[in-house]
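The following explanation is intended for a reader who meets this structure for the first time. Please keep the sequence and the model in view while reading.

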Amino acid sequence: MAEKTKKTEAKKIEKTSTRKTKEKSTAEKSESKKNKIFSDLSSVNKLRLLYELQIIDSSIDRIKTIRGELPLEVQDLEDEIVGFDTRIKNLIQEIKEIDININQRKVNVEKAKNLIKKYEEQQKNVRNNREFDSLSKELEYQSLEIELNEKIIKELGAKIKDKKREIETTKAMVADKKIALEEKKQELSEITSETANDEKELIGRANEIKYLIEQRLLTAYNKIRHNARNGLAVVTVKRDACGGCFNKIPPQRQLDIKMSKKVIVCEYCGRILVDSDFANE
Ligand SMILES: [Zn+2]
């Protein structure tokens, strides 16, 4: 259905283009005469070109609407996955550092155990009580050292467990996001492949027209289009009203618009108003 409308529209554009070429040749002939007909023709042409540009831009807008938020959603998912991957990398690094810490503490425990053995041996051969007490203090100190290191090793082990669990949950989230990403990408590529050629062609035509329209008018067109919610900068008169904002247009103004002698804008919404016959051409 939408495809059909697009085709009709494309045909319509083609039709106006051919007519435009005919008019152009007429205009070229008139140019040498430099008569009034030329300036009149040229202003009609300007308005026709503007209207034609509007129709093409609206078609491009419709294609963009079909694509909708998909490109953004794909981007968001890709960013999220990168974020999760970084988190996993950081967790792995943190675990490595904790492992180094644990190994260091295991070395500490071994050292203390060896010292305890050594002091216990020495205690057997003490010469006096003072030496014995001193060794007892050392032994007590080394036992505390072992106790402290083992307590920390346990805590660090728990931390590693937490981090490993976090890695698993993050990996699961990454897997989910990747599935969602693939779906969105697929959806987007289907839509894009359907509309890519149409869009390319429309953009090409729009650029051709933009090349013909004087910069001042084009700037105004872009500004109005940018400010209008529906992207309409050029509208026809419909049932005595502006086709953009639907405010009534006085009969004299309607006549002026029909003459197509100059650019007339809607006094309510600022859109450029063109002859309603343009829409039927
Ligand atoms: Zn209006």
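The model is a predicted one.

In soluble globular proteins, nonpolar side chains tend to be buried together. In this model, the largest nonpolar core comprises 22 residues. Those with the most contacts inside this core are Leu50, Tyr51, Leu53, Val234, Ile272, Leu273 and Val274. At least two core residues are supplied by each of helix H2 (36-67), helix H4 (129-212), helix H5 (215-227), strand E1 (234-238) and strand E4 (272-274). H2 provides the largest share, 6 residues.

Two packed helices are described by the angle between their axes and the distance between the axes. Helix H3 (residues 70-124) packs against H4 at an angle of about 165°, and the two axes lie 6 Å apart. Because an angle over 145 degrees counts as roughly antiparallel, H3 is roughly antiparallel to H4. The crossing of these helices, H3 and H4, is left-handed. In the contact of H3 with H4, 31 residues are nonpolar, 7 are polar and 22 are charged.

Helix H4 also contains Arg205. Is this residue, Arg205, buried or exposed? Arg205 is buried, because 20 other C-beta atoms lie within 10 Å, and a count of 20 or more qualifies a residue as buried. Between Arg205 and Glu52 there are 9.6 Å in space, C-alpha to C-alpha, although the two are 153 residues apart in sequence.

How values were computed: Residues are numbered from 1 along each chain as its sequence is written. This is a predicted model: local features need pLDDT of at least 70, side-chain atom pairs count only at pLDDT 80 or more; totals for chains, interfaces and linings use all residues. A nonpolar core is a set of buried Ala, Val, Leu, Ile, Met, Phe, Trp, Tyr and Cys residues joined through C-beta atoms within 7 Å. A residue is buried if 20 or more other C-beta atoms lie within 10 Å of its own, exposed if 12 or fewer, and partly exposed in between; C-beta atoms are placed from the backbone. Helices (H or I, at least four residues) and strands (E, at least two) are DSSP runs, numbered from the N terminus. Axes are lines fitted to C-alpha atoms, for helices over the stretch in contact, and angles run from 0 to 180 degrees between N-to-C directions. Angles under 35 degrees count as roughly parallel, over 145 as roughly antiparallel, 65 to 115 as roughly perpendicular and the rest as oblique. A crossing is left-handed if the near helix is turned anticlockwise from the far one by less than a right angle, and right-handed if clockwise. Ala, Val, Leu, Ile, Met, Phe, Trp, Tyr, Cys and Pro count as nonpolar, Asp, Glu, Lys and Arg as charged, and the others, Gly among them, as polar.
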